[in-house]
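Here are my notes on the model you sent over.

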Amino acid sequence: MRLAPTALILAATLAVPAAGAPAADAAKPMSATAFDRYATGKTLFYASDGHAYGAEQYLSGRRVIWTFLDGECSEGVWYESNGQICFRYEHDPEDPQCWSFFESGGGLMARFENDPAQTELVEVNQSREPLMCTGPDVGA
């Protein structure tokens with residue numbers, strides 16, 4: 001695993017829209033099929049409240065790699081549950097993280113359904129480059 005190049009992280013941070021996220025309540029959440037079609041093969045960078053939040057690489061077979069842009073990554077899988085896209089990561093396999101994703105003109109908006117008042121993420125950049133994860137448990 002690798003951490004995204006610094007230039008992409010900077011671009012993700014600088015590309016954060018000044019206005020708030022689109023009103024998700026007016027849109028219909030993406031289906032698993034639509035989400036898979038949109039995300040697979042990409043690395044998406046997300047912001048929350050105007051600040052870089054993290055990035056996720058979407059691999060084939062509904063596999064993912066997540067980072068908070070700190071060099072540490074966590075592998076996982078995603079699946080559909082009750083119309084939501086849920087993620088289960090190796091660091092916490094018993095606590096799935098479920099989201100509703102919405103398409104907007106500028107990319108995706110994601111609402112954390114475990115606590116909808118807590119987190120909304122906005123896609124600020126995307127790449128076909130893999131994440132590069134640097135630690136702490138990487139290497140010999």
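1. Start just past helix 2, where Gly-41 adopts a positive phi of about 90°. Helices here are DSSP runs of H or I with at least four residues, strands are E runs of at least two, and both are numbered from the N terminus. Bear in mind that this is a predicted model: local features need pLDDT of at least 70, side-chain atom pairs count only at pLDDT 80 or more, and totals for chains, interfaces and linings use all residues. Residues are numbered from 1 along each chain as its sequence is written, and side-chain values use heavy atoms, with hydrogens and water left out.

2. What sits over the ring of Tyr-38? The charged end of Lys-42 does, 4.1 Å from the ring centre. The test is NZ of Lys or CZ of Arg within 6 Å of the ring centre and within 35 degrees of the ring normal.

3. On to the rings: the structure holds 10 aromatic pairs. Rings of Phe, Tyr and Trp (its six-membered ring) pair if their centres lie within 6.5 Å, with planes under 30 degrees apart called stacked, over 60 edge-to-face and the rest tilted. Phe-35 and Trp-78 have ring centres 5.0 Å apart and planes at 90°, so they are edge-to-face. This pair links helix 2 (residues 32–39) with strand 4 (residues 73–81), 43 residues apart, and both Phe-35 and Trp-78 are buried. The two also belong to one aromatic cluster with Tyr-58, Phe-87, Tyr-89 and Phe-101.

4. Last, the packing. The largest nonpolar core has 21 residues, and Phe-35, Tyr-46, Tyr-58, Phe-87, Phe-101 and Leu-108 touch the most other members. A core here is a set of buried Ala, Val, Leu, Ile, Met, Phe, Trp, Tyr and Cys residues joined through side-chain atoms within 4.5 Å. Helix 2 gives the most to this core, with 5 residues. A second, separate core of 9 residues includes Phe-45, Ala-47, Ala-55 and Val-124.

Notes: Buried means under 20% relative accessible area, exposed over 50%, partly exposed in between (1.4 Å probe, protein chains only).
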